Structure formats: C-alpha cells, structure tokens
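Me: Hi! Could you walk me through this structure? I'd like to start with the charged pairs and then look at what's packed inside.

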Amino acid sequence: MSKRILVAEDNRFTAMQYEKILQSGNHEVEIAKDGDDCIQKYISSMDDVSKESKFDVLILDHSMPQKNGAEVASDILSLNPKQKIILASAYALSTERNFSKLKDRILFLQKPFQLSKILELV
C-alpha cells in the first residue's frame, strides 16, 4: 500500500537516497531540509476540519539545524498524537534513552542501516 511520507534530512545526498528507495516502493515522498521546514510542511498539510495531516509517516534525522528530530517529533505529536514517526540517528540508542517520553510513541532507527530497512519499517 502506497504511503505519503515526509522526510526531514539536512544532508541532501541522504535525503535523495531515502527518496529514491521510498519511491521504488511506490510511496509519495516530500523532503524537508531541516526541523523547522518539516514542521511548516506538516502544519500546511493539515486539514482545517479534521486537523489530520496528509502524511502517513514521518522520517526524521536526529541531528538537524533549527530543531533536532526529537524536538520535531515532540512538536508533531502535540499536534497529532497518532502520527507515525521514525527517528533515524547515528545516536539512536542514546537518543532513545535520553528521550524516554518519546520511546513508546516513535520508532528509533540506528544509523548506519541498509536503505531497504526504511522500506520494511514504512
């Protein structure tokens, strides 16, 4: 089943790799260049009546300018507690411990990983 995915990744090469693998799985992908851009794109995608976003899944890098992935996840979950979020980080294990309030609400993905792992999780 095709999903609409918002990817927040400040590294252009990595963002392009995510986009390529996700599109190979027939998913619709939008890229945000940093945490603030991600939140703006998310909010602008929200339906005025239902307050739901058009995105099925968010994939967030942890280390980004403006706001890091955990901050973005917290902000998004305050808008939509049911939003599915994957936080990808080279520090995912320590991040998971440091952000215990998010632990049960998002999926942590340890970098480096095979790109096919993203398809599995989505």
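Predicted model: local features only at pLDDT ≥ 70, side-chain atom pairs only at ≥ 80, totals over all residues.

Me: Good to know. How many salt bridges turn up in the whole structure?

Reply: Five, from a search of the whole structure. As background, side chains of opposite charge can pair when their charged atoms come close.

Me: Let's take Asp 56. Which residue does it form a salt bridge with?

Reply: Its partner is Arg 4, and the closest N and O atoms are 3.4 Å apart. Arg 4 sits in strand β1 while Asp 56 is in the loop between α2 and β3, so the pair ties together parts that are 52 residues apart in sequence.

Me: What are the relative accessible areas of Asp 56 and Arg 4?

Reply: Asp 56 has 28%, which makes it partly exposed. Arg 4 is partly exposed too, with 35%.

Me: And what does Glu 30 pair with?

Reply: Glu 30 meets Lys 54 in a salt bridge, at 3.6 Å from N to O. Glu 30 belongs to strand β2 (residues 28-32) and Lys 54 to the loop between α2 and β3, so this pair ties together parts that are 24 residues apart in sequence. Glu 30 counts as partly exposed at 25% relative accessibility, and Lys 54 is partly exposed with a relative accessible area of 34%.

Me: Where do Lys 117 and Glu 120 lie?

Reply: Both are in helix α5 (residues 115-121), three residues apart, or about one turn of the helix. Glu 120 is exposed, with a relative accessible area of 58%, whereas Lys 117 is partly exposed at 33%.

Me: New topic: Ser 53. Is it buried or exposed?

Reply: Buried. Its relative accessibility is 12%, and the cut-off for buried is under 20%, so Ser 53 counts as buried. Ser 53 is found in the loop between α2 and β3.

Me: What does the side chain of Ser 53 make a polar contact with?

Reply: The side chain of Ser 45, at 2.8 Å. A polar atom of the Ser 53 side chain also lies 3.0 Å from the backbone nitrogen of Phe 55. If you leave aside neighbours within four places in sequence, Ser 53 is in contact with Tyr 42, Ser 45, Met 46 and Gln 83.

Me: Now the inside. How many residues are in the largest nonpolar core?

Reply: There are 19, and those with the most contacts inside this core are Cys 38, Leu 58, Leu 60 and Ile 85. Two or more residues each come from β1 (4-8), α2 (35-45), β3 (57-61), α3 (69-79) and β4 (84-89). The biggest share comes from α3, with four residues.

Me: What is Leu 58 in contact with, beyond its neighbours within four places in sequence?

Reply: Leu 58 is in contact with Leu 6, Cys 38, Tyr 42, Ile 76, Gln 83, Lys 84, Ile 85 and Ile 86.

Me: Which residues are in the other core?

Reply: That core lies apart from the largest one and has 14 residues, among them Ile 5, Val 7, Val 57 and Val 122.

Definitions and conventions. Residues numbered from 1 in each chain as written. Heavy atoms only, no water. Core = buried A, V, L, I, M, F, W, Y, C linked by side-chain atoms within 4.5 Å. Buried < 20%, exposed > 50% of the residue type's maximum accessible area, 1.4 Å probe, protein only. Contact = heavy atoms within 4.5 Å. Polar contact = N/O pair within 3.5 Å; in protein donor to acceptor, adjacent residues only side chain to side chain. Salt bridge = Lys/Arg side-chain N within 4 Å of Asp/Glu carboxyl O.
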